[in-house]
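Biologist: I would like to learn how to read a sheet and a charged side chain in a model. Can we go through one together?

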Amino acid sequence: MHLCVVGVSHKKCPVEIREKFFLRTVERELLLSHLKNESSVVEALILSTCNRTEIYAHLLDDDPALLVKSLFKIKDLHFSDDLMKYFYVKKEKDAIRHLFSVSTGLDSLILGEKQILGQVKVATELSRTAGMLGKQFNILTNLAIRIGKKARAETEIDAGGSSISWAAIKMAENILGQLNDKSVLILGAGKMGKLAASQFQQKGIGKIFVMNRSQEKAEDLARQYGGVAAGFWQIKEILEQADVCICSASCAHYLIEKDLIAQIMSCREKKLLCIDISIPRNIDPAVADVPNVILKEIDDLDKVVEGSVQQRSLCVKQVEAMIQEKIAAFYGKLAKISTMEEVGV
């Protein structure tokens, strides 16, 4: 067995490069289908989040370059050294350790991040549906999910705030101070948008506006957290009064352009804080050039939480010990299967 992972992550790859490799669900399905047709690929798992895009594979040949080239092909990108320098390759035990570190939140931008475990589960089901989850990866993903649960149940790795949305709200507090007299526009009613709405409500935010491609979802989220659902045609009107705009829509294009913000800011004096936690980004980076606008992106969030992860950092060694146990368990299960196959059981 040649087990490996190739990918890019927040550890060494900036957001403007990561967004090039972000895979939507349909692209993950296409990539899995492509890999299934490669004779040297036995099993595969694809994880694509705001912080990483990774391909885990069980290969017949020790040639992970095939995986990277397949990713470039699906994303219609020219294969180049300029982009390749951001990729990492991990093999065998290092690849297994990496997956377990990801599922426990040790490798997240926000230490102990809770959402990543759900994303691993989704990736597992996608591989199973595509017929790319065989015996070995079934064992591997089961252990990854189990250790993710175990780490959070038996340690305080996710104590306090441990989500991207939580960090974004913390950043808003640090910049704007008390939020009870402020208003926020949340673009996107997905998981991160819901978390943001919940945490803004807990902070006593003055007013919450919600926009989403599905008006029904926007209305559901607004109703749940005492907000107001608005249509995208109202974005100028809402931004004219908002203090914070947090974007988690993950569209393929910018939802907020520099010209729109420049027009809005010409008629107001108070600052506007824009926080883009989408991948690909949905707020034009040029927005930062508009006077009185503060633009923050997902990679800025680690600076916010540096002082609040001390308690969780104490748990890292505990989780690392769990990971070592699960790596041994993985190879133990493989050996048992091999023995059973040899004796014809």
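Modeller: Start with a polar contact: a pair of N or O atoms within 3.5 Å; within protein, one must be able to donate a hydrogen and the other to accept it, and residues adjacent in sequence count only if both atoms are side-chain atoms. This is a predicted model, where local features need pLDDT of at least 70, side-chain atom pairs count only at pLDDT 80 or more, and totals for chains, interfaces and linings use all residues. Residues are numbered from 1 along each chain as its sequence is written, and side-chain values use heavy atoms, with hydrogens and water left out.

Biologist: Which polar atom lies 3.0 Å from the side chain of Asp276?

Modeller: The backbone nitrogen of Ser278. Asp276 itself sits in strand 9, residues 272-276. Strands (E, at least two residues) are DSSP runs, numbered from the N terminus.

Biologist: Is Asp276 buried or exposed?

Modeller: Buried means under 20% relative accessible area, exposed over 50%, partly exposed in between (1.4 Å probe, protein chains only). Asp276 is buried, yet has no salt bridge. That term needs a side-chain nitrogen of Lys or Arg within 4 Å of a carboxyl oxygen of Asp or Glu. Arg281, the nearest side chain of opposite charge, is 5.8 Å away.

Biologist: In what order do the strands of the open sheet run?

Modeller: Strands pair if DSSP finds at least two bridges between them. Here the order is 7-6-5-8-9-10, with parallel pairing. Strand 8 and strand 9 share four bridges; Cys245 stands opposite Cys274.

Biologist: Which residues cover the faces of strand 8?

Modeller: In a regular strand, side chains alternate between the two faces of the sheet. In strand 8, Val244 and Ile246 are buried on one side, Cys245 and Cys247 on the other.

Technical notes
Lys and Arg count as positive and Asp and Glu as negative; His and the chain ends are not counted.
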